[in-house]
Amino acid sequence: MMFLIYFLLLLAIPLWAQFRVKKVYSKYAKVPSALGMSGAEVARKILMDNNIHDVEIEPIRGKLSDHYDPRSKVVRLSEDHYYGHSIAGTAVAAHEVGHAIQHANQYGPLRARHALVPVASIGSNMSYFLILIGIIFGAADLILPGILLMAGAVLFQLVTLPVEFNASSRAMNQIVQLGLIRNDEERQARKVLNAAALTYVASALVALLELARFVLIFVGMNQSE
């Protein structure tokens with residue numbers, strides 16, 4: 001029964017987060033901003049006001065494909081946000097520029113996340129392989145390295161949380177202080193940013209649950225020897 005509940009949680013948590021994001025985003029993607037500024041214009045205004053002149057803004061295909069590339073110093077906005085004038089586009093554009101501001105200010109958690117990228121990549125690719133082989137052959141010596149690799153990937157997920165929340169906080173401060181949204185639009189923009197943050201929380205929670213499960217399996221194998 002416990003395993004059934006566990007697997008239901010693994011399925012339900014990310015599905016609920018995705019549903020919430022899609023619901024909120026779909027609603028406010030249809031609400032035009034009062035000032036009529038495109039996401040690209042919002043991003044440029046925030047960058048200029050923060051004296052950041054070495055970051056480019058580019059449109060990118062795909063829905064909710066927005067991101068900041070620290071290697072190229074480019075804020076990439078999905079075409080709907082780059083050219084559109086919605087509340088959702090304003091919030092998302094400001095959030096991605098929030099990452100650019102973090103980068104310019106050498107924000108500690110962002111630097112830590114960048115440093116953990118290789119660890120997370122190796123961990124996510126190799127951990128399950130080692131753990132499953134260890135479980136199949138009853139080899140605890142293989143499970144432990146797999147758990148350690150997975151722990152590195154989980155650490156990356158956890159470090160991502162303050163990075164994303166801080167970027168959203170910076171985004172709200174910027175669009176309010178610069179007058180890029182009206183007072184009655186603040187609540188709407190905050191809803192978009194909060195919904196997006198749920199996906200990161202859900203991913204971190206699922207990763208922690210998976211890690212805990214394999215740690216319990218490892219402990220159980222050692223106790224049975």
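## Packing of helix 5 and helix 6

In this predicted model, helix 5 and helix 6 cross in the left-handed sense (the near helix is turned anticlockwise from the far one by less than a right angle). Helices here are DSSP runs of H or I with at least four residues, and strands are E runs of at least two. The axes of helix 5 (residues 108-137) and helix 6 come within 6 Å and cross at roughly 150°; axes are lines fitted to C-alpha atoms over the stretch in contact, with angles from 0 to 180 degrees between N-to-C directions. The residues of this contact comprise 26 nonpolar, 7 polar and 2 charged.

## Nonpolar cores

The largest nonpolar core holds 35 residues, with Ile46, Val75 and Ile175 making the most contacts inside it. Such a core joins buried nonpolar residues through side-chain atoms within 4.5 Å, buried being under 20% relative accessible area with a 1.4 Å probe. Helix 4 gives the most to this core, 9 residues. Apart from it lies another core of 11 residues, including Ile131 and Leu211.

Three strands form an open sheet of order 1-3-2 with mixed pairing, where pairing requires at least two DSSP bridges. Strand 1 (56-60) and strand 2 (67-69) are the edge strands. Strand 2 and strand 3 pair in the antiparallel sense over 3 bridges, and Asp69 stands opposite Val74 in strand 3. Helix 2 packs on the sheet, touching strand 1 and strand 3 (heavy atoms within 4.5 Å).

## Basis

Residues are numbered from 1 along each chain as its sequence is written. Local features need pLDDT of at least 70 and side-chain atom pairs 80 or more, whereas totals for chains, interfaces and linings use all residues, and side-chain values use heavy atoms, without hydrogens and water.

Definitions and conventions: Buried means under 20% relative accessible area, exposed over 50%, partly exposed in between (1.4 Å probe, protein chains only). Ala, Val, Leu, Ile, Met, Phe, Trp, Tyr, Cys and Pro count as nonpolar, Asp, Glu, Lys and Arg as charged, and the others, Gly among them, as polar.
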